[in-house]
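I opened this entry to record what I looked up in the model, chain by chain and then across the contact between chains.

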Amino acid sequence: MKHSVYLSNKSLLAGVGFLLLIGLAGFLAPWLAPHDPLLINLSNRLAPPSWSYPFGTDHLGRCILSRVLFGSRISALFALFIVVCTFVISLPIGLFTGYVRGRGDHFFMRLIDGTLAIPDIVLTIAIVGVLGPGLIHMTLAIVLVRWAGYVRFIRSLVRNASQTDYILSARMSGNNHVRIMRRYILPKVFPPLLVYGALDTGKVVLLMAGLSFLGLGTQPPAPEWGVMLHDAVAYFQVAPHTIIFPGLAIMLFVSACQLIGEAQNKSQLIAGKRIA
Amino acid sequence: MKNIVRFGFERVVQLMLVVFFVSSLTFWLLRLAPGDPAYLLLSAHNIPVSNEALTNLREELGLTDSLASQYVNWLQDAFTWQWGTSYVSREPVINELLHRLPATLELAGAGLLVMVLVTFLMGMATAFYSSGWLNKIGRGAALLGSSIPSFWLGFLLIYLCSVQLGWLPSMGRGTLAHLVLPALTLGLGLGSVYARVLRSNLLEAMDQPFVQAAKARGLSKRRILLFHILKHAFLPVVTMIGTSFAFMIGGSMIIESIFSWPGLGKYIIEAINKRDYPVIQGYVVLTSFLFVLIHIVVDILYRLVDPRMRVQ
């Protein structure tokens, strides 16, 4: 038991540590990057990793290390932005439907069932396909598709929280609904929401990379991980380093998010066992 | 039996609702979209865009009707599987889509097979030796499997197996060898994640009284695992397999693009790049339909397989 508590903390620490590292890399990119990420140098195309270009160069002779560093700004920041936007939309709806229930709840649940009945990548692609490729359209599409899952999660949390005895006693002691939501329900549902957000940030990074890879998201020449892979398609057979490093960056980011989620699952398991 | 009939009826209603929802959504999305379909259609065929040609075409496409009547027409068409003709090929959309569906189903089926194999072999092995290095590998593989971008895995496999070793073809469809790499790409990641789920189900089942009863009867550990515990732990996995099959059909566009697999996914990406709106519309309705259909079949299977569901 003691061992698994230690282990769960370790994966949480590792996850948060990796995320901080990536954030720092993005923040310090202008100072860390050895070259300009957009500087084209056709005389040095597809150069393998070397001292002056640690990750090598791409098909236009741009420094891959610099592009990966600057890429964390677009990928991580936009993923975070998407998750925050989705929360801003779904938190009021989730609170409302979980706490108030009734007809409004019914309406939203039907809408959510409808949205979740379609594979999210299909719906995202349909929306991007209609609006046209681009970073802004991709952001919009992902938010439009993902809110439903968030609302369903928040709703179930709020529902469970509002059926507890302490909410009952809070109501009996004369608190109004707004106060109950703010003082008693929100703090209770917030920690699992944070973990859900962390896990989902990883999923959003994967989705964004996939869409950009298909040419539907971020457009070249922006240094973004998915775009870098998109650009490398024609060249990776002769220069595998053009795909290895952007892919590793995506993987590191997503596994950091996964580690945080895993740690939460474990601690929940432990807490459950302790009560039982 | 009566239960199943009622259940089936409810599900058919649900299926209709989803088709209605999705077709409404795509209709309104397309009406909000920038760009005039008539203009796009003309430029797609390199016809000089004149005002006269535009008005004629708008008339022909029914774009001059009121939005409400366009909407009703579209809903009728959606439910009768008439999704118009592709702007690019001038063929009926439904033919274009159904023509490519078998390739996608083949790929999803093969990916599912890989996934199930990995889930079972790894899940059972890591449950049997629940502590030790094998389990650590399983845990690491699950973390990798859930965080590796599928297209990146595809590239690595192509580089290793096709470019370096020259064992397998990396492009197109045809022989069984063509299927190996895309199926691995599709199935490995999900399989390693589900192996963890199967493992924890198995470990949980090992504590149940019926396992102790089997032990008391003197059955061997292997026999108990294979015939008693596995049957019990398998049920939740059935649902996951169904969900993944649907997911693989929907998510195949990336894999199909990498491996030039001539299926629905590759086609839809081309359609998006050419602004072939009727194809996009038809694709979304068709995949959602398939998606819900698979879920219904899985639910029914689940009811048939699990004796506990029949009692209720």
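I count two residues as in contact if their C-beta atoms, placed from the backbone, lie within 7 Å. With that cut-off, and keeping in mind that this is a predicted model, I looked up the contacts in chain A with a separation of 6 or more, and residues 24 or more positions apart account for 69% of them.

Next I noted the make-up of chain A, which has 10 helices and 0 strands, so that its elements run α-α-α-α-α-α-α-α-α-α from the N terminus on. The C-alpha trace of chain A spans about 75 × 50 × 30 Å along its principal axes, and of the 276 residues in chain A, 46% are buried.

I then turned to the contact between the chains, to which chain B gives 35 residues and chain A gives 31 residues. On the side of chain B that touches chain A, the elements giving two or more residues include helix H1 (2-32), helix H6 (133-147) and helix H13 (277-305) of chain B. The largest share of that side, 7 residues, comes from H1(B). Sorted by class, the side of chain B that touches chain A holds 27 nonpolar and 8 polar residues, and no charged ones.

Last, I checked H6(B): its 15 residues should span 21 Å at 1.5 Å a residue, and its end C-alpha atoms are 21 Å apart, which agrees. Among the buried residues of H6(B) I listed Gly138(B), Ala141(B), Ala142(B) and Leu143(B), and the list of buried residues in this helix also includes Gly145(B), Ser146(B) and Ser147(B).

Note on methods
Residues are numbered from 1 along each chain as its sequence is written. Chains are lettered from A and ligands numbered from 1 in the order in which they are written. This is a predicted model: local features need pLDDT of at least 70, side-chain atom pairs count only at pLDDT 80 or more; totals for chains, interfaces and linings use all residues. Helices (H or I, at least four residues) and strands (E, at least two) are DSSP runs, numbered from the N terminus. Ala, Val, Leu, Ile, Met, Phe, Trp, Tyr, Cys and Pro count as nonpolar, Asp, Glu, Lys and Arg as charged, and the others, Gly among them, as polar. The expected span of a helix is 1.5 Å times one less than its number of residues. A residue is buried if 20 or more other C-beta atoms lie within 10 Å of its own, exposed if 12 or fewer, and partly exposed in between; C-beta atoms are placed from the backbone.
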